[in-house]
Amino acid sequence: MDISQDTTNSSRFQVSKFILMGLPGIHEWQHWLSLPLALIYLLALGTNILIVITVHHEHNLHQPMFQFLSILAIVDIGLATTIMPKILAIFWFDAKAISLPECFTQIYAVHCFISMESGIFLCMAVDRYVAICHPLQYSSTVTEAFVVKATVFMMLRNILLTIPVPVLASQRHYCSKNEIDHCMCSNPGVTGLACDDITTNRFYQLALAWVLGGSDMILVFISYVLIFRSVLRLNSAEAIVKALSTCSSHLILIFFFYTTIVVVSIAHLAGKAVPIFPVLLNVLNIVIPPALNPMVYALRAQELRVGFWRVLGLDNVSQK
């Protein structure tokens with residue numbers, strides 16, 4: 001009788017917080033990773049803020065391609081800031097506890113920002129497609145109004161479609177374990193602790209990945225197939241090089257973004273034997289792209305480099 005009552009009370013118990021354990025298998029010395037992660041985070045913040053200021057300050061950068069890059073920089077700042085302060089707090093101050101509402105909010109923010117990044121990459125691919133395949137219609141098609149409409153559409157799409165992820169997670173019953181072998185609240189990691197059925201959560205997570213990330217990736221692929229087909233029809237080798245150079249930065253970032261997502265997904269599926277790899281890759285996937293994106297564009301786009309020097313007051317130095 002006592003045993004059955006204890007079982008009933010246990011099944012009704014709801015945890016009030018989760019404990020983020022950090023990187024599985026290396027809890028004792030994971031704080032050594034805090035320094036490089038903090039430096040990457042500060043680099044991502046600094047370079048993306050510089051991009052936003054430069055694009056706003058320099059009138060010659062008020063073009064759709066650089067406006068989309070500025071929006072991407074804002075998204076990258078939000079994505080990195082969603083998780084890095086908490087990760088550093090875990091490593092430096094052992095602040096592992098996180099409330100359920102805060103955890104579900106982090107899940108929502110990460111999903112929303114990653115989906116937004118994918119959507120902006122699609123907008124940038126469309127921009128390059130029109131510029132290369134239909135150059136005569138570019139100025140009338142890809143206008144400032146187009147940038148605003150595309151951005152608003154992507155925001156509404158991601159905000160609305162990702163809402164069910166934390167809502168479904170919050171409806172689960174967490175009655176036993178509350179320790180998450182991760183540095184952040186991931187949807188699979190949190191719902192995996194639930195005491196009731198999570199089939200709906202898994203189904204919606206998979207459907208969301210295909211509807212947002214999958215559709216964006218397919219459309220980006222189609223855009224670049226059409227771009228390459230159009231470029232290869234040019235008779236001049238110089239014209240081919242010039243056309244490809246206008247989208248090389250974007251192509252590098254797209255390849256890195258979708259490749260890391262695929263690698264992280266595969267690592268999660270095969271991560272039971274060595275669980276640190278999917279967790280570490282997940283963290284790096286969120287903090288490295290925000291730091292990488294500005295550097296790739298700065299190296300490839302001369303207008304942006306010149307704008308950087310001007311904003312930093314080093315334009316005279318750069319000319320010497």
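In the predicted model, the torsion about the S-S bond of Cys-103 and Cys-185 is about -120°, so this disulfide is left-handed. The two sulfur atoms lie 2.0 Å apart. Cys-103 belongs to helix H4 (residues 100-133), whereas Cys-185 sits in the loop between strand S3 (179-180) and helix H8 (187-191), so the bond ties together parts that are 82 residues apart in sequence. Both partners are buried: the relative accessible area is 0% for Cys-103 and 2% for Cys-185.

A search of the whole structure gives two disulfides. The other joins Cys-175 to Cys-195, with an S to S distance of 1.9 Å. Its S-S torsion is about -115°, so the disulfide between Cys-175 and Cys-195 is left-handed. Cys-175 is buried at 12% relative accessible area, while Cys-195 is partly exposed at 36%. With the bonded cysteines numbered in sequence order, the pairing is 1-3, 2-4.

Cys-112 is in no disulfide, and the nearest cysteine sulfur, that of Cys-123, is 14 Å away. Cys-112 counts as buried, at 13% relative accessibility. Cys-247 is also in no disulfide; for this residue the nearest cysteine sulfur belongs to Cys-133, 9.4 Å away. Cys-247 is buried, with a relative accessible area of 1%.

Helix H9 comprises 34 residues (199-232), which at 1.5 Å a residue should span 50 Å; the end C-alpha atoms are 48 Å apart, in agreement with this value. A kink of about 30° in H9 is centred on Gly-214. Gly-214 is one of the buried residues of H9, which also include Leu-212 and Asp-216.

Definitions and conventions: Residues are numbered from 1 along each chain as its sequence is written. This is a predicted model: local features need pLDDT of at least 70, side-chain atom pairs count only at pLDDT 80 or more; totals for chains, interfaces and linings use all residues. Side-chain values use heavy atoms; hydrogens and water are left out. Helices (H or I, at least four residues) and strands (E, at least two) are DSSP runs, numbered from the N terminus. The expected span of a helix is 1.5 Å times one less than its number of residues. The bend at a residue is the angle between axes fitted to the seven residues ending there and the seven starting there. Buried means under 20% relative accessible area, exposed over 50%, partly exposed in between (1.4 Å probe, protein chains only). A disulfide is a pair of cysteine sulfur atoms within 2.5 Å.
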